[in-house]
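Hello,

Here is the structure I promised to pass on. My notes follow below it.

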Amino acid sequence: MRFAGRMNTVHRSYIREILKVTARPEVISFAGGLPNPDSFPVAGLAAAAAEEMKECGAQTLQYSTTEGYLPLRRWIAERYAAQGLSVTPDEILITGGSQQGLDIVAKAMLDDGDGVLLERPGYLGAIQCFSMYRAAFSTLELTADGVDTQALDRALQAGSPKLFYAVPSFQNPSGISYTEATRRETARLMAQSDCLLVEDNPYGELRFKGQALPPVKAYMNGAPSVLLGSFSKVVAPGLRLGWVCAPAELMDKLVTVKQASDLHTPTFNQRVLYRFLEQNDVDGHIASIRSLYGRHRDVMVEAIREHFP
Ligand SMILES: Cc1ncc(COP(=O)(O)O)c(C=O)c1O
């Protein structure tokens, strides 16, 4: 078969390989960011789905807008407001997980050979996604305080990278979080550059200790950037629901890209999730996930101390 040239630049899916191992029941894999299924709100989602079908079945099964279900976009904007980030529902596009968000941002922004800055080590799903668009990667070392901002400054000055992809909170795979000073300096450098910050934040709310920090976007003084979010780690990944928060100029392009790809994210999933969020104590649910994982972390650390050489 005559495959597209882009397929030569992409490795076999690392993530598929990781997920394959997780299907073995005797394996507890720490390689992927797989949530613990004990944390999934099965009963709450079942009740929301049953009610949604009973009350709005036909609408729930119909096509809907590319931007996504407006009440869900409003809910996300209000949650950002509570964290001190001023975002309107028009700046939110609902996607099939943040992974699709990454893909449509890359598709809208990248031509063959465009420069992309990545943290080192970086998130495999992003490397795979950007490889599809034949990005030219440069990497920035992570320190205990987050990305090396001097290296970021040099990289922004040396080339003309189009994107900097960063996971500033509980980075995958390192677990490192940028300190407030690193967030501020990253924002300052990015705001004065024409390189677009693509900030991925699926884990920000799963903090075990210390003070919650807002996304880097909060320090950008209104300069354009992209912030990706996800319901995968705080509700359930099988719903495939996430979002892109982007300024109007880019949003227009993202909507076009998404329309060409899948028309819109499933109406059913969006409406069921919204009903679940409205009817349940979401903060309490997230607190219970934090406590479950915090306990697991403690047991793991103990076991490493006791059993590892
Ligand atoms: C940093 C990062 N971004 C994106 C994703 C994908 O998340 P989603 O399920 O929202 O597509 C993951 C999943 O593990 C991740 O760790």
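Helices (H or I, at least four residues) and strands (E, at least two) are DSSP runs, numbered from the N terminus. The place of Pro-173 is then the loop between strand 5 and helix 7. This is a predicted model: local features need pLDDT of at least 70, side-chain atom pairs count only at pLDDT 80 or more, and totals for chains, interfaces and linings use all residues. Residues are numbered from 1 along each chain as its sequence is written, and side-chain values use heavy atoms, with hydrogens and water left out.

**That loop**

Asn-172 and Pro-173 are joined by a cis peptide bond, with omega about 15°. Gln-171 is in the loop between strand 5 (163–166) and helix 7 (180–191).

**The ligand**

Asn-172 also reaches the ligand: a side-chain N or O atom is 2.7 Å from a ligand oxygen. For Asp-200, a side-chain N or O atom is 2.5 Å from a ligand nitrogen. Ser-232 places a polar side-chain atom 2.6 Å from a ligand oxygen. The protein covers 93% of the 390 Å² of accessible area that the ligand has on its own (Shrake-Rupley method, 1.4 Å probe).

There are 13 residues around the ligand, each with a heavy atom within 4 Å of it. Ser-98, Asp-200, Tyr-203, Ser-230 and Ser-232 come nearest. Helix 4 (residues 97–109) gives the most to this shell, with 3 residues.

**Helix 4**

Buried residues here include Ser-98, Gln-100, Leu-102 and Ile-104.

**Other backbone points**

- The Arg-120 to Pro-121 peptide bond is cis, with omega near 0°. Pro-121 is in the loop between strand 2 (115–120) and helix 5 (124–132).
- Arg-240 has a positive phi, near 50°, and is not glycine. It is in the loop between strand 7 (226–230) and strand 8 (242–245).
- Leu-263 has a positive phi too, near 65°. It is in the loop between helix 8 (248–262) and helix 9 (267–279).

Best wishes

Key. A polar contact is a pair of N or O atoms within 3.5 Å; within protein, one must be able to donate a hydrogen and the other to accept it, and residues adjacent in sequence count only if both atoms are side-chain atoms. Buried means under 20% relative accessible area, exposed over 50%, partly exposed in between (1.4 Å probe, protein chains only).
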